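Hi,

Here is the structure I promised to pass on. Have a look at it first, then read my notes below and follow along in the viewer.

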Amino acid sequence: MESGSGSSNFSFLGSCKYKEDLYMISIFNDFSLMELFLNLGRKCEEIAPQNVILQYLAPHQNMYVTLNEDDDVRIMTHLYTSMRLTIINMRAVKKDDMGSHNLERFETEEETQTSNDDHLEVGLVRNSIDVWNHCIRGEGQIFKDAAEFRKCAKNYAVATKRSFLYKKNDNKKVILVCSTSNCSWRIYASRHKADKLFGIRKCNLIHTCGDDNLRSRGHPKADAAWVSNIVMDRLRGEPSYRPCMMLKDIHRDYGVELNYNKVWKGKELAMHDIHGVEEGAYDRLRWYCSAIKETNPGSFVECEIDHCSNNFKRLFIYFNACATGFINGCRPLVFLDGTHIKNKYKGCILVAVAKDANDDLFKLAYSVVDAENDDNWGWFCFQLKSALLSHRFIGFHEFTFFSDRHPGIIKAIQLVFPVSHHAYCLRHLVDNFVKQVMRSYPLHNKKYWSSVFKKAAYALSRQEFQEHINNIIRSMPLAKDFIVSSCPESWANACFLGNRWGVMNNNIAESWNNWVKTAQFLPIVPMVDHIRIQIMDMMHRRREATMGMVKRLSPSKENALAKTYAESRSLKLLKACGWSFEVVDGDKSFAVDLSVMTCSCRAWQEKGDDRTKKKRGCIDKKVYSI
């Protein structure tokens, strides 16, 4: 491949990995093996024939081929030319490290990212100024098509701080000239009739316009399409990558300052290329729902369309695996919450989650709706009940729902689950107490009175609860209306009729909101499928973890039992009869009946008070010794 006047005459850019470093060199099409070693030796003295063996990556084969002689180098360059690749990926391996491996060919340790559609660079150096400085090299250089050439030309212009104009621009022929008049810089690229390959036919890469680099902080070729190519790889794994961060990263990495609108358009283009046109995503929901039912038997899926406008309204998904895990392995405690969707069309994700045997987040069901309102929460709860009934679950009288007191949730539970219990999140309630009551008393200590309010919530007897409430009302009379209207029977242990299992806050639902943070930015079909993959991965990892468990209880419960046993050693145990005991804690004594699992202090019934845990730990160890 001979080069034209004023152009560099090497055919490839070599990327050679040695130890933890990566070395970039120019590789001529007529290189010998010794010349290859000499060029690499200038970068790193350890890369010498007596120390290492050079290998190149065979495209699309996930295999390395060893270079033993000059003919191997010629085969390498011919192979990369025929595959229309411009960067040769190599590695240098110490001879001492080769061992008994076949030196001619063996599988790579890292999967190659090279492909026909992605041949400019691999790994972390793909989008870098150093690579772009050499992405346009001269006559004979081959590209996938005209679009790939134009992409390279833009990157080359950004790296060299020059610009160009299109004298001819179509899918068969592209002619570039320098944006400065009377400059001889010029590239003529076209598709060859014989082999149908698009490449540079003639060029002059020497600028005669002098040192006339761009003086502006931006660049005329750094348009929205250029931004899209820059951020696409990161957006695949991080949809929450925001335009404001893109602005900073592009300026830091490429020295180009752009306005927010251009970067936002670039992100939109990249998201369309990755996930398709967002407007059409809702049309694919019918297919997606059918696919879930077909591939996940027993799952409950409901997609509702507005019959008047034929637009998407809401979606409910309840996987069979989640139903089986909840019914067989979780307490009847369900946390409800919603989080906003942050894609173009907005909306909300409504969710029902639970706690597994290790007190970790367990996903039960989720829904995508247009807004978090009363109607959608009612529809969500109705679908949840229908899904549970489809798995023959009937124990709704044992259910305790947890929420942040959203009006839609309160109405939905009263309507759909009238025999179930509804507990309010204490943390949200305390926040409302501070905002609605204590702002009228600016001289009061917020931290102290918040702690008094929490003591009232945790109190196990009506007497203790009323003492703390009276203390608050005496100091802040306006608090009485707030406390009465907040329904203490839904947040105070002494008044709650159901079983809270010692849970006072809705933190587990907040964990869900953080868990789906990435999915919130995706179009609807990729979003719900991203959540499905997360659930599947979570279940797989926990299944693998349980395979190594040898104790009867989950790790968190084993740790809690050991801790409470140590704390119970100061208690005194007196046996009454059968499974009835009296436990003495200092100057107080309590009656414990193991046959019905009750304690006169009521803490055991709440499943969360440390005092009862101590008593139970003392009793359990005594019983084991009988």
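**What I found**

Asp 170 counts as partly exposed, because its relative accessibility is 28%, and partly exposed covers what falls between buried, under 20%, and exposed, over 50%. One thing to keep in mind as you read: this is a predicted model.

Asp 170 has a partner. Lys 168 makes a salt bridge with Asp 170, and the closest N and O atoms are 3.5 Å apart. Lys 168 is partly exposed too, at a relative accessible area of 37%.

- Glu 304 pairs with Lys 313, with 3.6 Å between the closest N and O atoms. Glu 304 has 23% relative accessibility, so it is partly exposed, and Lys 313, at 26%, is also partly exposed.
- Asp 253 and Arg 252 meet through their side chains in a salt bridge of 2.9 Å, N to O. Asp 253 is partly exposed at 39% relative accessibility, whereas Arg 252 reaches 57% and therefore counts as exposed.

**The whole protein**

Now zoom out. The protein has 626 residues, and 46% of them count as buried. Its secondary structure comes to 21 helices and 22 strands. The accessible surface is about 32200 Å², and carbon and sulfur atoms account for 50% of that. Then look at the contacts between residues with a separation of 6 or more: 60% of them join residues 24 or more positions apart.

**Charge on the surface**

- The negative one brings together Asp 30, Glu 35, Glu 69 and Asp 70. Glu 35 sits in helix 1, which runs over residues 33–43, and is partly exposed with a relative accessible area of 34%.
- The positive one is made of Lys 172, Lys 173, Arg 191, Lys 193 and Lys 196. Lys 173 belongs to strand 9, residues 173–178, and at 30% relative accessibility is partly exposed.

Is Ser 490 buried or exposed? It counts as buried, because its relative accessibility is 10% and the cut-off for buried is under 20%. You will find Ser 490 in the loop between helix 16 (479–485) and helix 17 (507–515). Setting aside residues up to four places away in sequence, Ser 490 touches His 422, Ala 423, Tyr 424, Phe 496 and Arg 500.

Val 419 is in a loop as well, between helix 12 (407–416) and strand 18 (421–424). With 52% relative accessibility, Val 419 counts as exposed. Once its neighbours within four places in sequence are left out, Val 419 is in contact with Phe 396 and His 397.

**Two backbone angles**

Last stop, the backbone. Most residues other than glycine have a negative phi. Which residues go the other way here? Two that do are below.

- Asp 359 is not a glycine, yet has a positive phi of about 65°. Asp 359 is in the loop between strand 15 (348–355) and strand 16 (361–369), and is partly exposed with a relative accessible area of 27%.
- Trp 501 also has a positive phi without being a glycine, near 55°. Trp 501 lies in the loop between helix 16 and helix 17, and its relative accessible area of 23% makes it partly exposed.

Cheers

Notes. Residues are numbered from 1 along each chain as its sequence is written. This is a predicted model: local features need pLDDT of at least 70, side-chain atom pairs count only at pLDDT 80 or more; totals for chains, interfaces and linings use all residues. Side-chain values use heavy atoms; hydrogens and water are left out. Patches are made of residues with over 30% relative accessible area and no salt bridge: like charges are joined within 9 Å, nonpolar side chains (Val, Leu, Ile, Met, Phe, Trp, Tyr) within 5 Å. Accessible areas come from the Shrake-Rupley method with a 1.4 Å probe; for residues, only the protein chains shown count as cover. A salt bridge is a side-chain nitrogen of Lys or Arg within 4 Å of a carboxyl oxygen of Asp or Glu. Lys and Arg count as positive and Asp and Glu as negative; His and the chain ends are not counted. The place of a charge is taken as NZ of Lys, CZ of Arg, CG of Asp or CD of Glu. Helices (H or I, at least four residues) and strands (E, at least two) are DSSP runs, numbered from the N terminus. Buried means under 20% relative accessible area, exposed over 50%, partly exposed in between (1.4 Å probe, protein chains only). Contact means heavy atoms within 4.5 Å.
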